[in-house]
Structure formats: C-alpha cells, structure tokens
Amino acid sequence: MANAPPRILAVLGALGLALLCAAAVPAAAQNCGCQAGYCCSKFGYCGTTDDYCGDGCQSGPCRSSGSSSSGGGNVGSVVTDAFFNGIKNQAASGCEGKNFYTRSAFLSAANSYKSFGGGSVAGKREIAAFFAHVTHETGHFCYISEINKNNAYCDSSNKQWPCAAGQKYYGRGPLQISWNYNYGPAGKAIGFNGLANPNKVAQDAVIAFKTALWYWTNNVHGVMSQGFGATIRAINGALECNGKNTAQMNARVGYYKQYCRQLGVDPGPNLTC
C-alpha cells in the first residue's frame, strides 16, 4: 500500500472518507426519535426497510418478520370475545363506552400494527400490558373522553404541531391520548386531521384504537422487554413512578397480573416503576 501510485491513493482516500461519512449518519440517530413513518431498529437506528421495521423493531410502523418478534398475528385468538367483554362488562350499564368500544373495532385497528402482540409469551404479555393500561385509563371501557375537559392540553411552544383555534387536546380513546404534539402525528399516521378534529378519536372506535396503538407502538412497545414497570413509566411515569402515586401504579400492576393469568403467561420481572 505504501508504494501505491498517487491516483490510487487519492481514490482510496476519497472512498475512506465516504465510508466514514456513511457511518456517521446512522450514529447520529442511534437513540432513535425517528421522524414519522420511520422505524427504530433493534440496534437503535432509523429506517424503513425490514432491517429496521422487522424483528426487534422498537418503535414506528414496525412489522413482524420472524419468530423472534413479539408480533406475528394471532391477536384475535388471544383477545377473545370472553377476554374483551370480560373487561367491558365490569363497567356500569350507563357508561358512554359500553356501546362504543368493541372487540371488532380493536381487531380492525390491530391489523394495522403487525408488531403488536401475538401468540408467543412476549406477545401475550404485551396484550396483557396494553389492556391493563386501557382498563385503568378508561375504567373498564367506561370512558371515551376524560372527565375534566377544561384543560386544553395545548403546548403552544410546539411549532411542528400547532394547536388549532378552538380545539382542546384532552384525553380521548383507550389510552386517553392528550396534547397537540400527540394528536398531530397520530392523525397524520392514521389518516385524519388530529389537530383540527381531535374529537374524531371519540367518534370512531377504530380510529380510537388505532390512536392508542399508534401511541403504544411509538412509545411503549420498545420497552416491553424491560418489564411492565417500564410501560408504566412510558405512559404516566411523571405522575406515578418513583413513589409519586403508588396506588395508581399498583392498580395497573394488578390488572396486568390478572390478564397474564387469564392468558396463561408469567408476568415476568420488574413489574413496578
């Protein structure tokens, strides 16, 4: 190499520089936080191919592509009528959600999120975790929207997803999604104007479940391997973790353990946050 002609050295030098630049690009995205439509791979990089959105995908529009993924279908065989209605039937007959939330709406929404759940142990734990949070957030599918609708939940400093005049972004749907910076990207990903019409989440059960699964896929799915406690932290950690509200935290844990028993899986370690 030391005796290589100058032209070859120049070519090799340019090639080396190009490789260094190429290597620097994904490194900058190693912690993910990918833009809409991009997956965060199991190694922490952003992209759209199966290398990023397949097995081990942490967030984004993940899709199952092998047995090691927690997804892969079979959600309908796990979330049976008995399981779903067993939750909903505990709500009072006068609850607004009794005739809104349905298993068919959930399954329709789940078809758009292939990385979610499945028949494996990891898949069943994820389903149990999702419904534990849903049960807690909605009171066994009683509430479509949060009770206190006075707070607009508008972060005016967020210029990417600006609040629309006259709209409030309080909690709606199975996971009570709130804030403009959630409604905006959720609507864009699903196909409705979340900023101009946030109430769509409270009017269409399929969109309600899609919105919940969008939030789950982007914020919770990637921490399932860390235990149920990590999912609490991802959803409401600022208010419930580190001893801030142990009663609420323990209520979520109780539902999760109950649903794991029903689905025939061990709940795993690290249940609290």
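Author: Cys241 has 0% relative accessibility and therefore counts as buried (under 20% relative accessible area; exposed is over 50% and partly exposed in between, with a 1.4 Å probe and protein chains only). This is a predicted model, in which local features need pLDDT of at least 70 and side-chain atom pairs count only at pLDDT 80 or more, while totals for chains, interfaces and linings use all residues. Residues are numbered from 1 along each chain as its sequence is written, and side-chain values use heavy atoms, with hydrogens and water left out.

Reader: Which residue forms a disulfide with Cys241?
Author: Cys273 does, with the sulfur atoms 2.0 Å apart; a disulfide is a pair of cysteine sulfur atoms within 2.5 Å. Cys273 is buried, at 17% relative accessible area.

Reader: Is that disulfide left-handed or right-handed?
Author: The torsion about the S-S bond of Cys241 and Cys273 is about -95°, so the disulfide is left-handed.

Reader: How many disulfides are there by this rule?
Author: The count comes to three disulfides. One of them joins Cys95 to Cys142, S to S 2.1 Å.

Reader: Where do Cys95 and Cys142 lie?
Author: Cys95 is in the loop between helix H4 (81-88) and helix H5 (103-110), and Cys142 is in the loop between helix H6 (121-138) and helix H7 (180-190), so the pair ties together parts that are 47 residues apart in sequence. Helices here are DSSP runs (H or I, at least four residues), numbered from the N terminus.

Reader: And Cys154, what is its relative accessible area?
Author: Cys154 has 35% and is partly exposed. A disulfide joins Cys154 to Cys163.

Terms used
Helix = DSSP H or I, 4+ residues; strand = E, 2+ residues; numbered from the N terminus.
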